[in-house]
Amino acid sequence: MLQPMFSMELGGHRPGFLPVLLALLIIAWAEVSPVWLQKEQAAVPRVLSKKESFLLLSLHNRLRSKVHPPAANMQRMDWSENLARWAQARAALCGAPVLHPELAPRTALHVGWNMQLLPRGSTTFAQVVGLWFVEGQQYSHTTAECFQNTTCIHYTQLVWATSSQLGCGRHPCSGDQAEMEAFVCAYSPGGNWEVNGKTVTPYKKGPSCSLCTASVSGCFKAWDHAGGLCEVPRNPCRMSCRNHGHLNVSTCHCHCPPGYTGRYCQVRCSVQCVHGRFREEECSCICDIGYGGAQCDIKVHFPFHTCDLRIDGDCFLVSSEADTYYGAKMKCQEKGGVLVQIESQKVQDILAFYLDHLETTNEVTNSDFETRNFWIGLTYKTAKDSFRWTTGEHQSFTSFAFGQPDNQGFGNCVELQASAAFNWNDQRCKTRNRYICQFAQEHILRWNSGP
């Protein structure tokens, strides 16, 4: 059965109201915080400035990142104005007990409290929080207990791993013979619990962020933090878009501004397609029939003498050199063609037969590379989550080898793989393969016959 744990360390006794103040000189507890405080808090002025609130929050997170042994599930705290108002209301009571037993427990919230009364002007709030953290030297994480005759419950609440909301307040308190100041911090959810008389450890030890839960799977680490703190992932895609691109966190795709492309909008793209259309995903041009070159500004002539195969009137040119996918694509385009688009079993069978017999005789002209595979004009488009031909058309026919594609987004480009009887395999685009250029009938008919 879970029970809130609280303790009190008494100071000296003086006549009048002072004994109550000194009795609460050092007090901390985790309890069910009554809802009635919301009704009283309106009359209590806000004392902490935004700057002090920020400093206290930063200090809490920094100290929570420095626990020893390291914490595997320590959450990053956020500031709660509602908790701050509650803390201010409690500070205004100067430690006086607040009991409203008529409230049903189910109408209350679990909030943990750290409170300290000290002579006014003797210290700052940040130093008070530092004193609470120093109590950790009197705590054994192994036994989950304070050392004998010591208190450390301020520390255990401060470093309670699942406490993710913080609010603090301070208030001057007048006694018969002394001027005091109350420092109060409220934590939600609260901590310092016992199970069957055994204190619950405030956090699980291990490498920072190694035991974050699914709801707080992010890992926050500031420059002055010793370890990371679990937080709600602000960027579950673990990526960012450059050059003012916008990240769609539901699809993990970047929407790039004009002039940029690439997965992260990292590629400056200012290609002018003179006789063609622009392909934003690849930052390249698809040339009109009869034109080639990177910007489709070169009038090309059909190279009849270079046709290695004729299939249904289309011309296929098999290279004897190796290049990357995009290098191969550009070389086909410079000739006025495209990387081959295999859209039927007939074309696949004829190409596979031809390449299989070519394999023993055709040599790669660049002796630095030895490749038996051939690029075709098919790539995986992350924005469309599918394979597309270079021209943008959706792939309808497929001849992927057994178990392929296995890389997809990591192996963006597609090759005819010799070891798989020239069926298809997805491969990294930087691989150097031979390639096949295709000149369709519509290309051939519109080519100039001149030199």
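Select cysteine 230 first: in this predicted model, its relative accessibility is 1%, so the residue counts as buried. Cysteine 212 sits in the loop between strand 11 (198-199) and strand 12 (218-220), whereas cysteine 230 belongs to strand 13, so the bond ties together parts that are 18 residues apart in sequence. The S-S torsion of cysteine 212 and cysteine 230 is about -80°, which means that this disulfide is left-handed.

Remain with strand 13 and select glutamate 231. Its partner is arginine 76, and the closest N and O atoms of this salt bridge are 2.8 Å apart. Arginine 76 is found in the loop between helix 3 (50-64) and strand 4 (78-79), and glutamate 231 in strand 13 (residues 229-231); the pair links parts of the chain 155 residues apart. Both arginine 76 and glutamate 231 are buried.

Next, select cysteine 241 and cysteine 254. Their sulfur atoms, 2.0 Å apart, form a disulfide. This pair connects the loop between strand 13 and strand 14 (246-248), where cysteine 241 lies, with strand 15 (residues 253-255), which holds cysteine 254. The torsion about the S-S bond of cysteine 241 and cysteine 254 is about -95°, so this link is left-handed. Cysteine 241 is buried at a relative accessible area of 16%, and cysteine 254 is buried at 14%.

Cysteine 332 lies in helix 7 and cysteine 437 in strand 29 (residues 434-439), 105 residues apart. Their bond is left-handed, with -85° about S-S, and both cysteines are buried. In total, the count comes to 10 disulfides.

Within helix 7 (residues 325-334), select lysine 331. The side chain of lysine 331 meets that of glutamate 321 in a salt bridge of 3.4 Å, N to O. Glutamate 321 occupies the loop between strand 23 and helix 7. Lysine 331 is partly exposed at 24% relative accessibility, as is glutamate 321 at 25%.

Now select lysine 346 and aspartate 312, whose side chains form a salt bridge (2.7 Å, N to O). Lysine 346 is in helix 8 (residues 345-358) and aspartate 312 in the loop between strand 22 (309-311) and strand 23 (314-318), so the pair joins parts 34 residues apart in sequence. Lysine 346 is partly exposed, at 43% relative accessible area.

Finally, select Glu52, Arg170 and Glu181, which are linked in a network of salt bridges. The whole structure contains nine salt bridges.

Technical notes:
Residues numbered from 1 in each chain as written. Predicted model: local features only at pLDDT ≥ 70, side-chain atom pairs only at ≥ 80, totals over all residues. Heavy atoms only, no water. Salt bridge = Lys/Arg side-chain N within 4 Å of Asp/Glu carboxyl O. Helix = DSSP H or I, 4+ residues; strand = E, 2+ residues; numbered from the N terminus. Buried < 20%, exposed > 50% of the residue type's maximum accessible area, 1.4 Å probe, protein only. Disulfide = S-S within 2.5 Å.
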